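Let's take a walk through this one together. Have a look at the model first, and then we'll go through it piece by piece.

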Amino acid sequence: MARVFMKGSEAVAEAAVRAGCRFFAGYPITPQNEVPEYFARRMPEVGGVFVQGESEVASVNMVYGAASAGTRSMTSSSSPGISLKSEGISYCASARIPMVYCNFQRGGPGVGAIQPAQMDYLQATKASGNGGFEMIVLAPSTVQEAVDMTYKAFDLADRDRNPVLILADGVIATVMEPVELPEMKSPEEVKAIKDGKKSWACIGHKIDYKNRAWIEPGQWKTEIQQKCNEECAALYESWKKDAEAELYQTEDAEIIITAYGISARIAKSAVDILRKQGVKVGLLRPITVHPFPFYAFDKIDFDKVKAFLDVEMSIPAQMIQDVDTAVRGRKPIETCLCSGGNIMSREAIIEKVLSMKEQEV
Amino acid sequence: METNLCVAGFGGQGVMTLGKFLATATCESTDKNVTFFPSYGAEQRGGTANCYVVISDDQIGAPLGDVMDDLIVMNGASLNKFLKTVKPNGRLFINSSIVDASEIDRTDLTVVSAPVTELALEMGNAKVLNVIMLGVYVGFTEVIDPEIVWATVEHKLSKKPKLLPLNRQAFEKGMEIGRAHKK
């Protein structure tokens, strides 16, 4: 397929349209304004609906409503906007409504910096709202991956009747790269997807109290709520099979870098440069950050590895908590961090790896 | 083989467009990997603007380098800000109309000067300075085939055909300067 040169935020929006997304509601925030802008232009062409809500809270609840009617629906925002959407996300998770949203992270906390960062890892993977719900969280490191993940996210959301989060950052939102776009789902396919949700979606049922569709983000009866929570827990447990990671040059590595998203991509190029200098360094990149790919650590030869280096655009480091759980104290974990909207420097990673190597000798 | 380029200038000088033309042309007509990354911040008209273009035969790591192979500066402030990022023996392209070459405190660089502000004004449209500089860069570096770059410019301007002759003139003037520096 021919490749096209696209900005990450626009490519994500196009991928969603091709996956059959026909409702988008959002509210502007840097660095992802091109997402709603693109949908505003594109949705009328495919018979979809774009709404710029009066706020993040309104937008996410419009998505909650549209998705409850069986339409593939999406919203997107950046860090502080995502916090505002957390109430609606929690409701979708509770009511088991499939929807997709994207966080193009910027510096935080609070309003933070508008430049790229990875400050929302713990929020994304542990608690994106109240009530202990979980989501599959995908972390793209290139525009192509952001496109492929967005396309796949709608299938995962429908499969599980649960929200799916794309955890990207300001670089992925604003960088332009060649991409191959996935196939456009036909109007028949889009309709079939919607029809497949008839058993639960609010699309007009016969007057039949028993079989009528209910969208319930909570229960009055404690035993029913507990049963719902148990069902969710079983769903989350089933995601172990969905965990995914990339292992790069790890077979003989003495130092293994752990990084996700844009940091991982920069770290990968650092690995290439260091390998040319004969340094035995590799990269473990979680592709799903939730479920976290603990399995990938079992593929590492701990007899060869001397140390791990966690690389994140977050201060303090956040993913290091999961890395720590995976490493279980067997080897030391060092960090290479930046934050506040500064983009990870390849030179800084190289320097840190070389200094780690030196200390051991 | 990887080439890192930073383009920097005032907002309004077409710095982003210059980078985007080059990157788009690379994507559309070669098998190479390419990224275009605009810096963004609380910028406003008259402030600084810069973007990064990476062209590579391999997968691209960082879409913005710590160390640049090539630097294009369209104003003096950008020279001060970015000169130190150019690698030893790197290439520097300056808008000599407003960038003072005597402020370049390095002797290792290959400097290509082009008075693009003046040349654009002579052509009757101050806005084409970026297309002249694009011609200079492509003419000197031959990073990709100049005709491919021109085809991209032509395509982007297809809705405004009236502007094509002027832009072609600007691009050719730039190429002429770029090629002359090569000799």
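How many bridges join strand S6 of chain A to strand S7 of chain A, and which way do the two run? Bear in mind that this is a predicted model. Strand S6 covers residues 136-138 and strand S7 covers residues 163-169 of chain A, and 3 bridges hold the pair together, with the strands running parallel. To find one of these spots, pick out Leu138(A): its bridge partner in S7(A) is Ile166(A).

Now zoom out to the sheet in chain A. It's an open one made of 7 strands, in the order S3-S2-S4-S5-S7-S6-S12, with mixed pairing. Strand S3 (49-52) and strand S12 (288-290) of chain A are at the edges, and each has a single partner strand, so one side of each has no neighbour in the sheet. Going from one strand to the next, the twist averages 20°.

Helix H4 of chain A (residues 79-95) lies across strand S4 (73-77), strand S5 (99-105) and S7 of chain A, at about 160° to S5(A). Helix H6 of chain A (residues 143-160) packs on the sheet too, where it touches S5, S6 and S7 of chain A, and its direction makes about 165° with that of S7(A).

Finally, see where the two chains meet. Chain A puts 19 residues into the contact and chain B puts in 16. On the chain B side, helix H1 (15-29) and strand S2 (33-38) each supply at least two residues, and S2(B) gives the most, with 5 residues. By type, the chain B side splits into 10 nonpolar, 4 polar and 2 charged residues.

How values were computed
Residues are numbered from 1 along each chain as its sequence is written. Chains are lettered from A and ligands numbered from 1 in the order in which they are written. This is a predicted model: local features need pLDDT of at least 70, side-chain atom pairs count only at pLDDT 80 or more; totals for chains, interfaces and linings use all residues. Two strands pair if DSSP finds at least two bridges between them. Helices (H or I, at least four residues) and strands (E, at least two) are DSSP runs, numbered from the N terminus. Axes are lines fitted to C-alpha atoms, for helices over the stretch in contact, and angles run from 0 to 180 degrees between N-to-C directions. Two residues are in contact if their C-beta atoms, placed from the backbone, lie within 7 Å. Ala, Val, Leu, Ile, Met, Phe, Trp, Tyr, Cys and Pro count as nonpolar, Asp, Glu, Lys and Arg as charged, and the others, Gly among them, as polar.
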